[in-house]
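Please look through the model below together with these notes, which are written for someone new to reading structures. Each numbered point takes up one part of the fold.

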Amino acid sequence: MSEPGDPKPGTVYLVGSGPGDPELLTVKAKRLLERADVVLHDRLPGPAIIDQLPADRCEDVGKRAGGDRTPQSEINERLVELAREGNSIVRLKGGDSFVFGRGGEEAEYLAARDVPFEVVPGVTSATAAPAVAGIPITHRDHASSVSLVTGHEDPDKEESAVDWEALAALGGTIVVLMGVSRLPDYTDALLEAGADPETPVALVERATWPEQRVATGTLETIVAARDEVGIESPAVTVVGEVAATRDRVLEYLANEPDGEPVEPDTEV
């Protein structure tokens, strides 16, 4: 017998899982994960969340063997197929699915095929990653605007849609998601556009995970700092005066991981 709040059959739930700490799942996301017939996920929600999901109800639509990725077209078709079979489906994404998470593409695809869906926002890493590293993306003394940028655009685009010259002129804080490998490209672009070489920069890898790591520097030094620390994807880049805040609060920042796995109180 269904209970109030149970997911509806034939509905797709586009759920943001937050940055990876299970305690940062929303109450609604947790409930839907517990009761969904099928969960489609990739690796970005993080092992602390994924490992708690019932294996018999999960489908990994992330990287395949050999490094290949499941094409977005296949994911779209699978969502429709499962919904038409009468399942309630959670499409689980890291962070928030509508912030560089292709949630908007999936919503349009579902709507065009008469499949009902519901959006469940998550805590986006664009704000969470800097925050847990002690970096506010806005600050009355340093930044009154924020620009969110993807560092990994559609490879089929003929040229980048990101105007780094305009961003350098705008000032404020620039937050780059999925931009670890292209860090030299966009730091050089900002410098060529006239940005101050001493502008503080921080990279936050796997925010809220036990493996969280942070590298700090300036537009001139951050690539070397990335390589020295060994920062890898997934990571968030913060460019702007706010990035220097970390050094002023680090001694008392309780978010820093201690190397021990986070053990949530309850299972998803």
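This is a predicted model: local features need pLDDT of at least 70, side-chain atom pairs count only at pLDDT 80 or more; totals for chains, interfaces and linings use all residues.

**Notes on the model**

1. Helix 3 (residues 72–84) and helix 4 (residues 103–112) pack at an angle of about 45°, and their axes are 10 Å apart. Such axes are lines fitted to C-alpha atoms, for helices over the stretch in contact, and angles run from 0 to 180 degrees between N-to-C directions.

2. Residues are numbered from 1 along each chain as its sequence is written, and side-chain values use heavy atoms, with hydrogens and water left out. Helices (H or I, at least four residues) and strands (E, at least two) are DSSP runs, numbered from the N terminus.

3. An open sheet is formed by 5 strands in the order 6-7-10-8-9, with mixed pairing, where two strands pair if DSSP finds at least two bridges between them. Strand 6 (146–150) and strand 9 (213–218) are the edge strands, each pairing on one side only. Within this sheet, strand 8 (residues 200–205) and strand 10 (residues 235–239) pair in the antiparallel sense over 5 bridges, and Val201 stands opposite Val239 in strand 10.

4. Helix 7 (residues 183–192) lies across strand 7 (173–177), strand 8 and strand 10, and runs at about 10° to strand 10. Which residues of helix 7 are buried? They are Leu183, Tyr186, Thr187 and Leu190, where buried means under 20% relative accessible area, exposed over 50% and partly exposed in between (1.4 Å probe, protein chains only). These residues lie on the same side of helix 7, because they cover an arc of only 100° around the axis, taken from the directions from the helix axis to the C-beta atoms. After helix 7 comes Gly194, whose phi is positive, near 105°.

5. His41 is found in strand 2 (residues 38–41), and His41 counts as buried because its relative accessibility is 6%. Leaving aside residues up to four places away in sequence, His41 touches several others, including Ile50, Cys58, Arg91 and Leu92.

Technical notes. Contact means heavy atoms within 4.5 Å.
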